[in-house]
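Visitor: I would like to learn how to read a model like this one. Please show me the structure and start with a single residue.

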Amino acid sequence: MSGRLIGEPTDPTRRAFAPWIIVVVALLFHLWGLYTTSPPDAGGLAFPGIDKVAHVILFAVPTWALLRVVPNQWLALVPMLLHVPISELVQANLLANRGGDWWDAVADLIGIAAGWWTVQSTARVEADA
């Protein structure tokens, strides 16, 4: 990724604190969404596959946030990729009222790809500007 990281101060010896707050909030929401034993009811907004959309979002947002603040993209991608099978195995084997689903894992991978693609696309646009 080229260019400055989001929130990176002009003084390269210091790292901005605020972007990490976004990362922490995104990761907390990510963990809550994956490991809560009583996910919220979508009510009137429910449609077939809404859980897959939720999985895409739960992985896309923290991947995007991490990629915007860490200097090496692999420091963001590897943990997120490793969390895909771990989260499904935990849901299937350790959480009441939850189940592991490999289609959820596919949605998780799509979310990671979407987060990565968004950062890469933004970096290219910023480089062209």
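Guide: Start with S87, which is buried, at a relative accessible area of 0%. Keep in mind that this is a predicted model.

Visitor: Where is S87 found, and what does S87 touch?

Guide: S87 is found in helix α3, which covers residues 74-93. Leaving aside residues up to four places away in sequence, S87 touches L34, Y35, F59 and D108.

Visitor: What share of the residues in the protein is buried?

Guide: Of the 129 residues in the protein, 33% are buried.

Visitor: Now the surface. Is V61 buried or partly exposed?

Guide: Residues between the buried limit of 20% and the exposed limit of 50% are called partly exposed. V61 has 40% relative accessibility and therefore counts as partly exposed. V61 lies in helix α2, residues 50-69.

Visitor: How many helices and strands does the protein have?

Guide: There are 4 helices and 0 strands, giving the pattern α-α-α-α along the sequence.

Visitor: What part of the contacts links residues 24 or more positions apart?

Guide: Counting contacts in the protein with a separation of 6 or more, 73% are between residues 24 or more positions apart.

Notes
Residues numbered from 1 in each chain as written. Predicted model: local features only at pLDDT ≥ 70, side-chain atom pairs only at ≥ 80, totals over all residues. Heavy atoms only, no water. Helix = DSSP H or I, 4+ residues; strand = E, 2+ residues; numbered from the N terminus. Buried < 20%, exposed > 50% of the residue type's maximum accessible area, 1.4 Å probe, protein only. Contact = heavy atoms within 4.5 Å.
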